[in-house]
Amino acid sequence: MPDTAAAPNLNAVDQAIVTQALIAAAHEMGVKLIRSAHSTIVREAEDCSSAILDAKGNVVAQSELIPLQLGSIAHTFGPCAEAYPPETLVEGDFYITNDPYQGGQHLPDVFLFSPIFIEGRLLGFAATVAHHIDLGGGAPGLNPDATDVHQEGIVFPPTKWNLERDWRNDGPFQRFVRANIRMPDHTIGDFEAQFAANQIGIERVRDLCTRHGAARVEAAMEEMLNYAERRMRAALSAVPDGTYCGEDWLDDDGQGNGPLKIAAQVTVSGSDLTVTFDGTCDQVKTNMNNPFAATVGATLSVIKSALTAADLPFNSGCARAVSIDAPEGSILNPRYPAPVRARLLPSYRVFNAVMKALAQAVPDRVIASGFDTTYACCLSHIGPTGYNIYLEIFGGGYGAGPHSDGCDAVDSPLSNCGNIPVEAQDMSYPFFRVMDYSLVEGSGGDGAHRGGLGFQRIYEIVADGVTFAAYGDRFTIAPEGLFGGEPGGKAAAFVLRGDQRIELTSKVHMDLLKGDRLVVQTGGGAGYGDKADRTDALRRKDLARSAA
């Protein structure tokens with residue numbers, strides 16, 4: 001039976017009402033952010049997240065958008081509060097940060113924390129994070145050639161500003177940001193969407209306090225954290241004690257050095273779980289380093305998804321039972337000033353390595369590796385009105401599980417973005433057109449349950465002066481199956497230029513010509529279980545699909 005203990009001064013019904021209201025407020029913030037955003041990466045792909053925090057910076061409720069962005073938000077909030085103690089804040093202040101070496105992840109993900117005051121007393125924070133289309137740096141959208149973090153864009157250290165004084169009406173902070181970015185209307189517009197979403201969170205919490213009283217809402221927040229901790233510890237207690245190890249590999253560092261090893265050790269002791277990454281490769285010179293906050297977020301995400309029920313709220317209480325450590329100077333905890341733009345690639349290998357470790361303890365709760373890679377595709381062009389930057393995050397095939405086939409052509413678990421519809425691309429980007437968007441047949445690994453299929457996108461370049469930049473993985477090392485399942489298909493990319501076919505590596509930066517066709521094929525998911533155990537009904541479904 002679920003634990004229904006209520007917070008002090010709250011019965012179980014009132015606790016449930018406040019809990020669901022806070023979760024609904026976080027979801028509404030996410031909707032507001034998406035519907036108010038200017039860039040397609042937020043408006044269409046939904047690369048953003050939102051949350052409600054208590055006064056200490058603990059996440060009590062969050063939207064179901066990007067797990068990686070919010071799984072470590074306490075690490076992001078902490079340096080802000082350390083630099084500017086929350087008790088010094090006044091109405092209209094906000095924290096901002098994207099600093100990978102002070103709790104952030106990578107520079108495009110900018111976090112905004114707005115305090116929630118109730119009759120002059122700080123009760124909590126409304127928080128949003130969005131992936132911004134351009135924050136300056138050495139190349140439009142993304143700079144795969146960066147050799148330090150400063151070449152990747154503006155670094156916002158944990159700082160405090162005031163909305164009315166410093167941002168509104170072309171304030172000094174807004175002017176500074178606008179002067180250092182290539183698409184100011186889109187970037188500033190997305191910042192405004194974040195502020196608007198935070199305001200929704202503030203208003204909803206104030207409404208709750210009006211109905212139930214601030215003290216009761218605070219008590220309910222604390223009970224939400226305690227409840228999540230109890231549920232997490234109960235789930236961990238059901239896992240056999242022991243130390244379990246898993247490994248996975250990145251293809252390379254973008255300069256031909258590889259493969260790059262990610263090694264995870266998962267130790268379960270009663271209701272406590274510790275994850276270490278001893279034996280993981282050192283940090284690299286390219287942008288594939290993973291700030292520690294992202295390592296924490298990826299680890300918490302796989303533990304939550306594999307070991308707990310779907311109805312367990314993912315808040316800071318879940319993290320109380322989990323300890324995570326990665327060697328300083330490794331690719332999972334790099335030293336300043338290493339570039340980190342492609343941090344999602346090692347994050348996914350964290351997800352895979354920990355999942356493989358858990359497979360030894362709870363084989364019926366895990367899935368095989370999927371494409372599990374962000375293929376970040378950036379096309380940019382300078383026209384009469386300035387820069388126009390297209391950025392999309394590609395998924396692929398999902399890994400199969402013990403009870404079902406993997407999904408086809410979806411984003412991978414940590415990023416959870418949508419695709420940008422072709423119609424939206426037609427409206428926003430006149431320098432290319434999409435000629436094909438289809439599944440890659442045969443890319444899913446066979447097994448008792450089959451991995452999901454990857455997809456293909458073909459772009460025809462219709463203007464001169466277009467630049468292409470990308471980073472991805474799974475071009476040389478396929479995702480591994482579980483328990484006899486076969487590997488998923490690999491990814492590929494190439495350019496068709498007249499009669500010439502130009503093969504591309506997984507990390508690339510090049511100029512395209514008018515008339516070029518850029519072809520991107522993402523990989524499939526791996527299978528779960530021996531293919532001999534696939535049922536006749538599923539085989540008939542496979543045949544019918546291939547004949548369609």
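A residue is called buried when its relative accessible area is under 20%, exposed when that area is over 50%, and partly exposed in between, using a 1.4 Å probe and protein chains only. By this definition Trp167, at 1% relative accessibility, counts as buried. The structure is a predicted model, in which local features need pLDDT of at least 70 and side-chain atom pairs count only at pLDDT 80 or more, while totals for chains, interfaces and linings use all residues. Residues are numbered from 1 along each chain as its sequence is written, and side-chain values use heavy atoms, with hydrogens and water left out.

**Aromatic rings**

- The structure contains 26 aromatic pairs; rings of Phe, Tyr and Trp (its six-membered ring) pair if their centres lie within 6.5 Å, and planes under 30 degrees apart count as stacked, over 60 as edge-to-face and the rest as tilted.
- Trp167 and Phe195 form a tilted pair, with 5.5 Å from centre to centre and 55° between the planes.
- This pair links distant parts of the chain, since Trp167 belongs to helix 5 (residues 163-167) and Phe195 to helix 7 (residues 184-212), 28 residues apart; helices (H or I, at least four residues) and strands (E, at least two) are DSSP runs numbered from the N terminus.
- Phe195 is also buried, at a relative accessible area of 6%.
- The pair of Tyr429 and Phe432 is stacked, because the ring centres are 5.7 Å apart and the planes stand at 15°; both Tyr429 and Phe432 are buried.
- One aromatic cluster is formed by Phe94, Phe156, Trp161, Trp167, Phe173, Phe191 and Phe195.

**Charges over rings**

- A charge sits over a ring if NZ of Lys or CZ of Arg is within 6 Å of the ring centre and within 35 degrees of the ring normal.
- Arg457 lies over the face of Tyr437, 4.0 Å from the ring centre.
- Arg501 has its charged end over the ring of Phe494, at 3.6 Å from the centre.

- Four strands in the order 7-8-9-10 make an open sheet with mixed pairing; two strands pair if DSSP finds at least two bridges between them.
- Strand 7 (242-250) and strand 10 (322-325) are at the edges with a single partner strand each, so one side of each has no neighbour in the sheet.
- Strand 9 (residues 272-276) and strand 10 run parallel and are joined by four bridges.
- Leu273 has Val322 in strand 10 as its bridge partner.

- The 25 residues of helix 1 (residues 12-36) should span 36 Å at 1.5 Å a residue, and the end C-alpha atoms are 36 Å apart, which agrees; the expected span is 1.5 Å times one less than the number of residues.
- The buried residues of helix 1 include Val18, Leu22, Ala25 and Met29.
- An α-helix has 3.6 residues a turn, so residues three or four places apart point the same way.
- Among the elements that cover the buried residues of helix 1 are strand 5 (121-131), helix 7 and helix 8 (214-237); contact means heavy atoms within 4.5 Å.
- His212 lies in helix 7 and is buried, with a relative accessible area of 18%.
- Apart from neighbours within four places in sequence, His212 is in contact with Ile17, Val18 and Val217.

**A hairpin**

- Strand 16 (residues 492-497) and strand 17 (residues 500-503) pair antiparallel over four bridges, and Val495 stands opposite Ile502 in strand 17.
- Two residues lie between strand 16 and strand 17 in this hairpin, and Gly498 in the turn has a positive phi of about 65°.
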